[in-house]
Amino acid sequence: MTVGDCMNKLNSDIFLSDVFKHYPGTMEVFLANGFDDFADSDAFMEIGEFVKLKTILKARKIDEKGFLKLLEDKISSDLRDSKYHQFSINDKLNMLALLPCPLKLPIEEAFNRFIGESKLDQKVKLNYLIEGNANNQLSYYTYVDQFSNIGEIPDIVISPGINSFYYNSFVEKFIDRGLFVDAAQYAPNERLGKIGIKDPKGNYTIISMNLLVMVVDKLSLGNNSMPREWGDLLSPQFEKKIAIRGQNNFFCETTLLTIYKYFGIEGIKKFGKSVKYGWHPAQMAKMAGSGSQDSPTISIMPYFYTKMIKNKENVEVIWPLDGAIISPVTMLVKADKAEQLKQVTEFFTGPEVGRISAAASFPTMHPDVDNNIPESAVFNWIGWDVIKQNDLGNLVKVLNSEFMKCL
C-alpha cells in the first residue's frame, strides 16, 4: 500500500479500534498529546469498537485537522518501514450491549447460541460486542454527548440505568427526530404495565429492570429505628451509615434522581450526610452482617446482590413501602434498521432473555415470564414525565455536586 492509499483510508470517521489495530505506531501520537489514559491499550481497543476518532477529539477539544496531520506523518514514516497493511473501514460494530454484571454472561452465552443456531438473513452482517457495563460506564458515556450524526451510533445499543441516552443532548438530536423505535411488539404484563414503564412515545425499548432495595445490618443498627421508606434514610440517625453504588466522583444517578423527585435539593443534601461509602454492590453484599467496623448500617443495592449475602442471619432485606427503585435496562434500535435486525431485537425482547433476567431478579415486562417477585412488592419508577420534562444531564451533575458537598 502506498502512502497515498493510506491517507485515503485515514479520516476522522474511523473507529479508534481501527486506528490502533492497523496503525499501532500511532499510539505514540496519542500519548504525546495528552492521552495518558490510552496507555491501557486493551481497554481502549474495547471502547474504540464504538467510539470514532472525531468523537474523542471533539470531547477533548483537540483540533481535528491538526491531529490527523500528526497521525498521517507517523503512519507515513512507519509505512516506509513496511509495518502496515491495507484495511477496510466499512465493517463497523452494529450492536453494542453494555449489560449489568449479573446479566452479562448468561445473556452472552444465550446470544452466541442463538447466532450459531439461527438462520439470519444472509444480507445481515452482524458485528457485535457484549460487555459488562461496569467496565465501560464512565468511559463510554462520556462520548455520547459528542455524537453528532446517527452513523456514529451502533444500530442496536443496550445499556442500564438512566444514562446519557436519556439526556437532552442525545434526545434532541436523535430521539425527538424519531430515529429510534420501541422493538417490543407486545403489551407488558399487567403488573408492570400499571406502573407505566413502557415508553408511551415508542422510542425506548425496556428489556428488564434492576431493582434497588435496602439491606439493614442488624449488628450495627443499635437503637436506631428500622427504615421502611426512602425518606427514612434522610434522618440524622443514619448520618455516615449508608453505602450506595459509586466510585470516585460518580454515584448512582437513579438513586439520586429518586431522592430528588420526592425530597428536592434539601433531600439530596441530607442524603449526602447519610452516605459514607460508594461501593460496588458485590462489596456491599460481602460486608453486610459481617460484624466488621467498616460495615455500613444500610446498603442500597440491587435485589440480585441480596441473594449473595453470606451472613443473612445478621441482616434484614427491606423492600421499601414506597417501592424498590427501578433502574431500567434499555435497548435503542434504529428505526431504519428495525426490520432488517428484527430477529436480533426479538431475541432480546423475547421470553428466553426474559427468563434469564427474571432468574437474576431483573423483572421483565414480557407477558409469558414469571418474574418471581413477591405479590406485596411495590415498584418505584421515576416516570417518563420526569425524564421528558427535565434536562437530566445537567440535573444529574447538579445533584451529584450537591450530594458530594455533604459527604
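A residue is called buried here when its relative accessible area is under 20%, and exposed when that area is over 50%, with partly exposed in between. The exercises below apply this to a predicted model whose chain has 18 helices and 11 strands, and in which buried residues make up 54% of the 407 residues.

**Exercise 1. Which residues of α16 are buried, and against which elements do they pack?**

Step 1. With the cut-off above, the buried residues of α16 are Val-353, Gly-354, Ile-356, Ser-357 and Ala-358.

Step 2. These buried residues pack against the helices α7 and α15 (342-349), and also against the strand β4 (205-217).

**Exercise 2. Determine how α7 and α16 are oriented to each other, and describe the residues that join them.**

Step 1. Helix α7 (residues 101-117) and helix α16 (residues 351-359) pack with their axes 10 Å apart, at an angle of about 160°.

Step 2. Angles over 145 degrees count as roughly antiparallel, and α7 and α16 are therefore roughly antiparallel to each other. The crossing in which α7 passes α16 is right-handed.

Step 3. On the α7 side the contact involves Leu-103, Pro-106, Ile-107, Ala-110 and Arg-113, which meet Glu-352, Val-353, Ile-356 and Ser-357 in α16. Sorted by class, this contact has six nonpolar, one polar and two charged residues.

**Exercise 3. Describe how α7 packs with α15, giving the geometry, the handedness and the residues that meet.**

Step 1. The axes of α7 and α15 come within 11 Å and cross at roughly 145°, and α7 passes α15 in a right-handed crossing.

Step 2. From α7, the residues Ile-107, Ala-110, Phe-111 and Phe-114 meet Gln-343, Val-344, Phe-347 and Phe-348 of α15. The residues of this contact divide into seven nonpolar, one polar and no charged.

Step 3. Setting the two contacts of α7 side by side, Ile-107 and Ala-110 are among the residues that meet α16, and Ile-107 and Ala-110 are also among those that meet α15.

**Exercise 4. Work out the relation between α12 and α18, and the make-up of their contact.**

Step 1. The axes of helix α12 (residues 253-274) and helix α18 (residues 392-405) come within 10 Å, crossing at roughly 45°.

Step 2. This angle belongs neither to the parallel class, under 35 degrees, nor to the perpendicular class, 65 to 115, and α12 and α18 are therefore oblique to each other. Their crossing is left-handed.

Step 3. The residues of α12 that make the contact include Leu-256, Leu-257, Tyr-260, Ile-265 and Ile-268, while those of α18 include Leu-395, Val-396, Leu-399 and Phe-403. By class, the contact has 12 nonpolar, two polar and three charged residues.

**Exercise 5. Do the buried residues of α9 line one face of the helix or lie around it?**

Step 1. In helix α9 (residues 168-175), the buried residues are Phe-170, Val-171, Phe-174 and Ile-175.

Step 2. Viewed down the axis of α9, these buried residues fall within an arc of 100°, so they line one face of the helix.

**Exercise 6. Place Ala-335 in the chain, and find which residues Ala-335 touches.**

Step 1. Ala-335 is found in the loop between β10 (324-333) and α15, where at 35% relative accessibility Ala-335 counts as partly exposed.

Step 2. Not counting residues up to four places away in sequence, Ala-335 touches Gly-178, Leu-179, Phe-180 and Val-181. Ala-335 and Phe-180 are 155 residues apart in sequence, yet 4.8 Å apart in space, C-alpha to C-alpha.

Step 3. For the chain as a whole, among contacts between residues at least 6 apart in sequence, 79% join residues at least 24 apart.

Conventions. Residues are numbered from 1 along each chain as its sequence is written. This is a predicted model: local features need pLDDT of at least 70, side-chain atom pairs count only at pLDDT 80 or more; totals for chains, interfaces and linings use all residues. Side-chain values use heavy atoms; hydrogens and water are left out. Axes are lines fitted to C-alpha atoms, for helices over the stretch in contact, and angles run from 0 to 180 degrees between N-to-C directions. Helices (H or I, at least four residues) and strands (E, at least two) are DSSP runs, numbered from the N terminus. A crossing is left-handed if the near helix is turned anticlockwise from the far one by less than a right angle, and right-handed if clockwise. Contact means heavy atoms within 4.5 Å. Ala, Val, Leu, Ile, Met, Phe, Trp, Tyr, Cys and Pro count as nonpolar, Asp, Glu, Lys and Arg as charged, and the others, Gly among them, as polar. Buried means under 20% relative accessible area, exposed over 50%, partly exposed in between (1.4 Å probe, protein chains only). The arc is that of the directions from the helix axis to the C-beta atoms.
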